[in-house]
Amino acid sequence: MLRRISLTSQISIGMLVGGFAGLILGPQIAGIQLIGNIFLRLIQMAVVLLIFGAVIEAIGGLAANQLGRLGGKTAGWFLITTLAAAVLGLLIGYLVNPGIGMNLSRVSHATEIAKAPSNIDQTILNFFSSNIFDSLAKGNVIQVIIFAILFGIVLNQANKAGTFNQVLSLIKQLNQLTVKLVMLVMRTAPIGIASLMAWVTADSGLKVVLPLLKFLMAFGLGSVVFLTCLFTLISWYAKIPLGGLIKGFSRIILIAFTTTSSAIALPVEMTDAESRLGVSKSISQLVLPLGMALNSNGLAMYLSLACLTLTQLYGISLSFVAMLKIILLSVIACLGTVVVPGGGLVALTIVVPTLGLPTESIAILAGIDWFSGMFRTVLNVVGDTTTAIAIAADEKELNHDIYEQARPVTK
């Protein structure tokens, strides 16, 4: 029976069942979190290896004239969409005013926040690895990607003489096996996600959500507006049907929304970008891992909206210069931000003190970070994948036949 139901539908059912079970049964079901955490770890254990191999394969197999062109286009799309998300976060914040009238008496301020280095020089230095094996072991995505880019460039140059084809072939085979491993684990996604949703609703319930419901509503509204504009833009730019585009994104969005982790969503994102959205493998393997670490549309919107909410909470009026500062900091803080659940709080520790707001105010938003992470992750992965579609269309590496097959048959 379950084989007749698509994996996407199974995950949707699991999410609903888990959410209701947590609300109804409460803390007595919180122990089910263990099953969800096992599922997350099974996915996470292969993500760094997948990124490492995918970037090397993508760069190692490119023609010399493609490397600089693709890199420039990717960086341009990332910057434009992230900047647009940050600006939209401020606009939605002024429209909804989530910090005005917030009742803080029901919000816990005892949450511990992980401190991120506030020194810009140290932050930049942390992008570079002193030991790649240590970076792989710790799952430091930025350091792994920079090493993989350099290794891929060297392999690309060496392959001009045809002397290292076997190395590239071995990396391709390793990547194929890693993807198969991840998709095997994904069969357990309905159970894992149901367990996570049961734990979240059992642990938090509505007591933490209600005081900050206005903030979540504003973030949700901003996410819908951003996705609508982005899908419409890409449909026009890549000359593909809007309905087919949205259908192709259905599983990516669901996995991102329920796991709240761009890293965990990456394997599904790469698979569906190629098989359901028509992006060539060479574009997918280059753009999507880079996007996961460098392009955070959802985080940019979250940071600008969160900063405005906190200034409203403290009764601070923002000048035009202060608004520009929030937008700029929201974009910069996205670089290399942790791509696992909770990364939004780490980014806030960079931005909030810089704006002169008390660091302890971050705890106000900590109680709903999982729910905020749902919107953040969806915007992040959709932004990455739409960039891949746009670049594939530019490079004539987008398979339009997939969208034609998705069209309903009319008599």
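Tutor: What follows describes the protein in outline, then its salt bridges, and then two further features for context.

The model is predicted. The protein has 411 residues, of which 52% are buried. Its secondary structure consists of 18 helices and zero strands. Of the contacts between residues at least 6 apart in sequence, 85% join residues at least 24 apart. The accessible surface amounts to about 18600 Å², and carbon and sulfur atoms account for 67% of that area.

The salt bridges may now be taken in turn. Side chains of opposite charge can pair when their charged atoms come close. Six salt bridges are present in the structure.

One of them is formed by the side chains of Glu57 and Lys281, at 3.8 Å from N to O. This pair links distant parts of the chain, since Glu57 belongs to helix α2 and Lys281 to helix α12 (residues 281–294), 224 residues apart. Are the two partners buried or exposed? Glu57 counts as buried because its relative accessible area is 8%, under the 20% limit. Lys281 has a relative accessible area of 34% and is therefore partly exposed.

A second example is the salt bridge between Asp394 and Lys73, whose closest N and O atoms are 4.0 Å apart. Asp394 is in helix α17 (residues 369–394) and Lys73 is in helix α3 (residues 64–96), so this pair ties together parts of the chain that are 321 residues apart in sequence. Asp394 is partly exposed, with a relative accessible area of 28%. Lys73 is also partly exposed, at 24% relative accessibility.

Helix α11 (residues 262–275) holds Asp272 and helix α10 (residues 242–259) holds Arg251, so the pair ties together parts that are 21 residues apart in sequence. Asp272 and Arg251 are both buried. Some salt bridges share partners, and in this way Arg69, Lys73, Asp394 and Glu395 are joined into one network.

Helix α2, which holds Glu57, also contributes to a feature of the surface. Leu34, Ile38, Leu42, Met45, Leu181 and Leu184 form a nonpolar patch there, with about 550 Å² of accessible area together. The elements that give two or more residues to this nonpolar patch are α2 (33–60) and α7 (165–186). Which element gives the most to the nonpolar patch? That element is α2, with four residues. Leu184, for its part, is located in helix α7 and is partly exposed, at 49% relative accessible area.

Helix α1 (residues 7–25) has 19 residues and reaches 26 Å from its first C-alpha to its last, close to the 27 Å expected. Its buried residues are Thr8, Gln10, Ile11, Gly14, Met15, Gly18, Gly19 and Gly22. Why do they lie on the same side of α1? They cover an arc of only 160° around the axis, which puts them on the same side of the helix. An α-helix has 3.6 residues a turn, so residues three or four places apart point the same way. On the other side of α1, Val17, Phe20 and Ile24 are exposed. After α1 comes Gly26, with a positive phi near 70°.

Technical notes. Residues are numbered from 1 along each chain as its sequence is written. This is a predicted model: local features need pLDDT of at least 70, side-chain atom pairs count only at pLDDT 80 or more; totals for chains, interfaces and linings use all residues. Side-chain values use heavy atoms; hydrogens and water are left out. Patches are made of residues with over 30% relative accessible area and no salt bridge: like charges are joined within 9 Å, nonpolar side chains (Val, Leu, Ile, Met, Phe, Trp, Tyr) within 5 Å. Accessible areas come from the Shrake-Rupley method with a 1.4 Å probe; for residues, only the protein chains shown count as cover. Buried means under 20% relative accessible area, exposed over 50%, partly exposed in between (1.4 Å probe, protein chains only). Contact means heavy atoms within 4.5 Å. The expected span of a helix is 1.5 Å times one less than its number of residues. The arc is that of the directions from the helix axis to the C-beta atoms.
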